[in-house]
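Reader: I have a model open and would like to go through it piece by piece. Can we keep it short and start at the helix end?

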Amino acid sequence: MKKEIHPEYQKVVFLDTSSDYKFLGGSTTSSEETIEWEDGNTYPLIRVEISSASHPFYTGKQKADKVGGRVDRFKKKYNLS
């Protein structure tokens with residue numbers, strides 16, 4: 001392999017924002033946000049919208065219908081129909 005052309009592979013914590021599920025994995029993605037993990041080390045934090053903890057295929061439930069989209073939340077917030 002050629003040197004200095006590949007992105008740095010590192011451990012990162014992925015946070016599922018819809019279920020607050022966190023897991024440690026490896027990725028070439030980086031982030032300025034960090035989080036202290038259970039082992040006491042600090043890792044970059046990558047926020048994801050869906051993971052195996054919230055995906056209907058893995059959970060057997062439809063969570064996406066209950067959450068509502070951005071437009072629905074905007075209308076509800078400002079009391080629009």
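Author: Just after α3, Asn79 takes a positive phi of about 55°. Helices here are DSSP runs of H or I with at least four residues, strands are runs of E with at least two, and both are numbered from the N terminus. This is a predicted model: local features need pLDDT of at least 70, side-chain atom pairs count only at pLDDT 80 or more, and totals for chains, interfaces and linings use all residues. Residues are numbered from 1 along each chain as its sequence is written, and side-chain values use heavy atoms, with hydrogens and water left out.

Reader: What about β1, enclosed or open?

Author: Six of the seven residues of β1 are buried, so the strand is largely enclosed by the rest of the structure.

Reader: Which strands are in the sheet, and in what order?

Author: The order is β2-β1-β4-β3, four strands in an open sheet with mixed pairing. Two strands pair if DSSP finds at least two bridges between them.

Reader: Which ones stand at the edges?

Author: β2 (21–27) and β3 (34–36) do; each has a single partner strand, so one side of each is left without a neighbour in the sheet. On average, neighbouring strands of this sheet are turned by 45° against each other, direction ignored. For that angle, axes are lines fitted to C-alpha atoms, for helices over the stretch in contact, and angles run from 0 to 180 degrees between N-to-C directions.

Reader: How many bridges join β1 to β2?

Author: Seven, and the two strands run antiparallel. Val12 stands opposite Gly25 in β2. Their hairpin has four residues between the strands, and Asp20 there takes a positive phi near 60°.

Reader: And β1 with β4, parallel or antiparallel?

Author: Parallel, over four bridges, with β1 covering residues 10–16 and β4 residues 42–48. Val13 has Leu45 as its bridge partner in β4.

Reader: Which way do β3 and β4 pair?

Author: In the antiparallel sense, over three bridges. Ile35 is bridged to Tyr43 in β4. The hairpin of β3 and β4 has five residues between the strands, and Gly40 takes a positive phi near 90°.

Reader: Switching to the inside. Which residues make up the largest nonpolar core?

Author: Six: Val13, Leu15, Ile35, Trp37, Tyr43 and Leu45. A nonpolar core is a set of buried Ala, Val, Leu, Ile, Met, Phe, Trp, Tyr and Cys residues joined through side-chain atoms within 4.5 Å. β1 and β4 each supply at least two residues of this core.

Reader: What does Gln10 in β1 reach with its side chain?

Author: The backbone oxygen of Thr29, at 3.4 Å. A polar contact is a pair of N or O atoms within 3.5 Å; within protein, one must be able to donate a hydrogen and the other to accept it, and residues adjacent in sequence count only if both atoms are side-chain atoms.

Reader: Last topic, aromatics. How many pairs are there?

Author: Three aromatic pairs. Phe14 and Phe23 have ring centres 5.3 Å apart and planes at 25°, so they are stacked. Tyr21 and Phe23 come out as tilted because their centres are 5.8 Å apart and their planes at 35°. Rings of Phe, Tyr and Trp (its six-membered ring) pair if their centres lie within 6.5 Å; planes under 30 degrees apart count as stacked, over 60 as edge-to-face and the rest as tilted.

Reader: Is Phe14 buried or exposed?

Author: Buried, at 15% relative accessible area. Phe23 is partly exposed at 28%, and Tyr21 is partly exposed at 37%. Phe14, Tyr21 and Phe23 form one aromatic cluster.

Technical notes
Buried < 20%, exposed > 50% of the residue type's maximum accessible area, 1.4 Å probe, protein only.
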